Amino acid sequence: MTDTLFSDAAPHCAAVVLGNLGRSYPYASHHVERSVEDLHTPVEIHPSFHTSFDWHSCVHMHWLGVSVLDAVARGEEELPEEIVQQLRTVLDANLSAEKLAVEAGYLLANPSWERPYGWAWLTRLTAACRNSEDPQLQQWGRNLAPCVDAVAELLIRWAATVEHPVRHGLHTNSAFGLAYLHSAFRTLGRDDAAQACETAARSWFGEDRAWAAEWELSGQDFLSAGLSEADLMQRLLPAGEFAQWLDGFLPGLSADSRMLAEVGVADESDGYMVHLHGLNLTRAGQLARVAAALPAGHGLRPVLAAAAEPLFQAGMKGLASGDFMSTHWLASFAWDARESLRALAGTPA
C-alpha cells in the first residue's frame, strides 16, 4: 500500500533534490557575525551546503539524493540514466574533500551550531554513503570523514556536560537528534560517539513515565517529542525492556489519542505552519519503527501500526503543494517514513 502512495518516489525525489541544490536563495544562514570582516555569502562559509534554504535542509537533500542513487544501484528503484548522471554530477561537486574540510572546520569553530539536528543529518548522510556498494557513494563517505570526526568530538563533549534534554517538536529536540546520531555512529564504527549517545539517552529519558501525549502538539512542530523519545529508546533497549519502558511512558495510549491524529495545514506558504506536514510524516515513520520494535502480540503494536499509514497519507499532501517552504525539506521525511513503513510491513504482527 505504501508503494502505491509514493509510487513515483525516485523520480519525484530526484527532481526535488536537483531543484533544491540548484537554488541558492532564499537562504537562512544562521551565521553569527563577530565583526564586519565576518560578513560572507553562504557559499563562502558553506561551500558544500549553501542551497535548499538552510544548511540542515541542504544536508538532508544530499542524503535524499544519495538514498535515491543507492536504491537505483540496488535495483530497488528506476530512474532515467540522464537523471542519475545529473544527480551524480551535482552531488559530486558538493561532496568533494576540499569543500567538506571547510564544513568540518566551521563545525569545530561553532560548537553549538546545528546541534543536534544538523549533526544527525550529516552523520546519517555519511552512513548512507559508506553503507552503499556504489564506489562513488563510498568515496563521498570517505570525503565526509572529517565532518564525522568533528561531530563526534562535539557530541561527546556535549553529551557529557548537558544535564537536561530539549523536549519540544523543533530542530533542537534532543531525542530526535540522538536517535539518528546513535544509529549513524554505529554504522560508521564510531563506538565512542555511539556510546556517548546511549549514555546521554539513558540518563535523560530512561526514567521518563506518563508522557502527556494529549498536550505535546504546538502550532509549528514537525516532530512529536514523545514519539521521538520512543524512537530513540527502541534503538537502545532490548525488545522486552523497551516494551516495559513504553508501557510506562505512554500509559493508556489508544487509537483516539491526539498523538496519533493527522494534522492539517491552512497556509502552505507559511514556513512554520507547513511544519505540520512534517509532523505527520515523522510521526508515521516513528510509529512504524516503534511498532516494529515491540514484541509480537504487544497490545500497542496494532494501534501504532494502524495509525502510521493515514499519517503518511496526510503528510504527503505537503509534497503536492509545490511551495518551496514545503519542497525544500519534506521529501526527505517522506522517503524516510516510506522506508520505515516498508520495514514494518515485512515484520510479523
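Helices here are DSSP runs of H or I with at least four residues, numbered from the N terminus. With that in hand, α4 gives the largest share of the lining of the second largest pocket, three residues. This is a predicted model, where local features need pLDDT of at least 70 and side-chain atom pairs count only at pLDDT 80 or more, while totals for chains, interfaces and linings use all residues. Residues are numbered from 1 along each chain as its sequence is written, and side-chain values use heavy atoms, with hydrogens and water left out.

- On a 1 Å grid over the protein atoms alone, a pocket is an open set of points with protein on both sides within 12 Å along at least five of seven lines, and lining residues have an atom within 4 Å of a point.
- A volume is the space filled by probe spheres set on the points, which are joined across faces, edges and corners.
- The largest pocket comes out at about 670 Å³, and W63, S67, R124, D336 and E339 lie nearest its centre among 28 lining residues.
- Which helix gives the most to the lining of the largest pocket? That's α17, with eight residues.
- Helices α4 (55-73), α7 (117-131), α10, α14 (275-293) and α17 each put at least two residues into that lining.
- For residue classes, Ala, Val, Leu, Ile, Met, Phe, Trp, Tyr, Cys and Pro count as nonpolar, Asp, Glu, Lys and Arg as charged, and the others, Gly among them, as polar.
- By that scheme, the lining of the largest pocket splits into eleven nonpolar, six polar and eleven charged residues.
- The second largest pocket has a volume of about 460 Å³, and of its 23 lining residues H30, D54, H56, H171 and H275 lie nearest the centre.
- Its lining has ten nonpolar, ten polar and three charged residues.

**One cavity**

- A cavity is a set of grid points where a 1.4 Å probe fits but cannot get out, and the count comes to one cavity of 30 Å³ or more.
- The largest cavity holds about 40 Å³ of space, and its lining includes G285, R289 and D336.
- Helix α14 provides the largest share of that lining, five residues.

**S340 in α17**

- S340 sits in helix α17 (residues 330-345).
- Is S340 buried or exposed? S340 counts as buried because its relative accessibility is 9%, with buried meaning under 20% relative accessible area (1.4 Å probe, protein chains only).
- The side chain of S340 makes a polar contact with the side chain of R289 at 2.7 Å; such a contact is a pair of N or O atoms within 3.5 Å, where within protein one must be able to donate a hydrogen and the other to accept it, and residues adjacent in sequence count only if both atoms are side-chain atoms.
- Beyond its neighbours within four places in sequence, S340 is in contact (heavy atoms within 4.5 Å) with G285, A288 and R289.

- Y25 and P26 are joined by a cis peptide bond, with omega about 0 degrees, and P26 lies in the loop between α2 (9-21) and α3 (42-45).
- Another cis peptide bond joins R115 and P116, at an omega of about -5 degrees.
- E114 isn't a glycine, but has a positive phi of about 60 degrees; E114 lies in the loop between α6 and α7.
- F53, in the loop between α3 and α4, has a positive phi near 80 degrees.

How values were computed: Buried < 20%, exposed > 50% of the residue type's maximum accessible area, 1.4 Å probe, protein only.
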